[in-house]
Amino acid sequence: MSTPEPTPDAIAPVAVAERHPPVLRTLIRREFWEHRALWIAPLSVAALLLIGAIIGKVSFDSSLATLPEQRRALFGVYMTLASIPQYITLLLTTTIYAGDCLYTERKDRSILFWKSMPVSDRLTVLSKLLVVMVIVPLGIYLISGVTTLLSSGIYVVRAWQDHTGDTYWDAATWLRIQGISLVAVVAGVLWYAPVTAFLMLVSAWARRNVWLWVLLPPVVLIMLERIALGTNYVMNVVWYRLGGVFAYTQPAAPGVGDAAGQQARSLNLLFANVDPFPVFANIDLWLGVGVAVLLIVATIRIRQYRDDT
Amino acid sequence: MTAVIEARGLRKSYGSNRALDDVTFSVAPGRIVGMIGANGAGKTTALKAILGLTSFKGELTVLGRNPRTQRDDLMRDVCFVADVAVLPQWFKVSQALDYVAGVHPRFNRARAEEFLSKTDLKMKSRVRELSRGMVTQLHLALILAIDARLLVLDEPTLGLDLLYRRQFYDTLLNDYFDKERTILLTTHQVEEIEHLLTDVLFLRQGKVMLAAPVETLAEQYVQLTVGPDEVEAARALRPFYEREIFGRTAMFFEGQSPETLAQLGDVRSPSIADLFVAKMQAA
């Protein structure tokens, strides 16, 4: 009797393992396969903005700004306004995603398939966290930057074609706005981290009606506090967390008059003088991040031990 | 040889309902074990415990690991089909292949593609567009291309028509199973898998009623069919279960010699399905 030769099947897995791409990359791809709104929504908004730039009737209103610094400020305002739709998209897509990402797999029972693969609950939750807190915000930031660049380019070309000659382009202002936007995106992501983590926790926990369970605890707590203590502490915390970040991303504007020229001048200073450090020096930002970490740890535990299949 | 699954005194309750009540059994490598029980007998709970998907009391090792605390590691060597309906609706066939190839170090993509080439599935098809039978083919192609040591199948063919069921088990036996691998499965259609099982495990109300290799069943259990005149004589030999079939009585004996019984009527080894019914009814 001869020694049995190893069959090709016995060797194949080793070869497969060597070519194995990082698991995390696959998990992230998976999220974009399932939640297609994450990339379709910002690209659609970008397409609409570009179509608007091509066929829309928007001109640079020179009556508002005559001095160079005013024109620069107005350009800055336009660029900022042009990116607002993308940041609304960011807010909506990430909110919906965070509430859905650990719920749909339980709703359609596909969790039994995901759990049949050698992927830990920790890595699964982290991949979703990476998507919602890093990849989508940075992706939308980049898409928005490219969109403003293209749409302003389109305006310049159109103005040149129409011989109005009334165009304005200032690379320094555009770059500064990109810098401010990046700081705002990072600050926003960190500021809203506990909200995102809470949505993910409910997404992993709720048997159904995720959004009801998202709203119920704060509403009930606020009402109980009012009835029992007559205070509004919880409500203030919630409002501060949901809207308070804006108070910190807005720099203290210098004295503003009511004349358009003065407004433009102050806006110009606004874009020149934004200092990101007070935002990141805010202890509440980091306390929120701490809370988010705890909520994410709880979310991982819930996905690990929750059994409602 | 070390057991693939070693369960001792497993317990699990849902409220007052005991899904697992002191369950003890072991599964040796290279076996195909059929876990058979009525609805609510604890089959799915036992499988979930083995797969680390649910909490339980008692001792359980699967491939030498604790399925609850070493689950991620265990899943490299264990594959399971909980129910074919669990592939997500949005999955494309190509994405399913990409995904498993991306996360499973023991997945052989070429092998999965070979399985798929024998079907009508197209790479661009989405699960939501496929019939149940086709989803099963997809899931099967993925799972059978994974070089796992233990395959757990919970009602894998539920809701499939006969053709697909037959195909499923043929593929399982011919293209997948070998002496290194162990398969643990549950099904309602016991008749269809009788011929492929090497071991049976009967569960009733969370308790193990019978755990034995199929080859020993024939030595241990005898089915005797007698006419009305021999009923009393046969009953004296104490069958554990009897039932009437077309005016004759089928009696089931444990540990009786077939030679003695043959003097009273027709003797044969009971089928697993008949033995299961007899055991359950007698209990």
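Trainee: Where in chain B is Arg238(B) found?

Mentor: Arg238(B) sits in the loop between helix H9 (231–235) and strand E11 (241–245) of chain B. Keep in mind that this is a predicted model.

Trainee: What makes Arg238(B) count as exposed?

Mentor: Set the count against the cut-off. Arg238(B) has 11 C-beta neighbours inside 10 Å, so it counts as exposed. Its phi is near 60 degrees, a positive value in a residue other than glycine.

Trainee: And Arg109(A), why does that one count as partly exposed?

Mentor: Partly exposed is the band between the exposed limit of 12 and the buried limit of 20. Arg109(A) has 16 C-beta neighbours inside 10 Å, and therefore counts as partly exposed. You'll find Arg109(A) in the loop between helix H5 (104–107) and H6 of chain A. Here too phi is positive in a residue other than glycine, with a value near 65 degrees.

Trainee: Which residues does Val152(B) touch?

Mentor: Leaving out residues up to four places away in sequence, Val152(B) touches Leu47(B), Ile50(B), Leu51(B), Val78(B), Phe80(B) and Leu184(B).

Trainee: What separates the centres of the two domains of chain B, and how many residues make the contact?

Mentor: The centres, taken over C-alpha atoms, are 34 Å apart. Nine residues from domain 1 of chain B and six residues from domain 2 of chain B take part in the contact. On the domain 1 side, the elements giving two or more residues are helix H7 (190–193) and strand E8 (199–204) of chain B. E8(B) gives the most to that side, with three residues. By class, that side divides into six nonpolar, no polar and three charged residues.

Trainee: How do you know that helix H15 of chain A has close to its expected span?

Mentor: Compare two numbers. H15(A), residues 283–305, has 23 residues, and the expected span at 1.5 Å a residue is 33 Å. From its first C-alpha to its last, H15(A) reaches 33 Å, close to that expected value.

Trainee: Which residues of H15(A) are buried, and what do they pack against?

Mentor: The buried ones are Gly288(A), Ala292(A), Leu295(A), Ile296(A), Thr299(A), Ile300(A), Arg303(A) and Gln304(A). They pack against helix H7 (121–161), helix H8 (171–191), helix H9 (193–205) and helix H11 (233–243) of chain A. As a whole, chain A has 15 helices and zero strands, and 34% of its 309 residues count as buried.

Trainee: Finally, how many residues of chain A and chain B are in contact, and which element of chain A gives the most?

Mentor: 25 residues of chain A are in contact with 26 residues of chain B. H2(A) gives the most to the chain A side, with six residues. That side has 12 nonpolar, five polar and eight charged residues.

Technical notes
Residues are numbered from 1 along each chain as its sequence is written. Chains are lettered from A and ligands numbered from 1 in the order in which they are written. This is a predicted model: local features need pLDDT of at least 70, side-chain atom pairs count only at pLDDT 80 or more; totals for chains, interfaces and linings use all residues. Two residues are in contact if their C-beta atoms, placed from the backbone, lie within 7 Å. Domain bounds come from an automatic or database domain assignment. Helices (H or I, at least four residues) and strands (E, at least two) are DSSP runs, numbered from the N terminus. Ala, Val, Leu, Ile, Met, Phe, Trp, Tyr, Cys and Pro count as nonpolar, Asp, Glu, Lys and Arg as charged, and the others, Gly among them, as polar. The expected span of a helix is 1.5 Å times one less than its number of residues.
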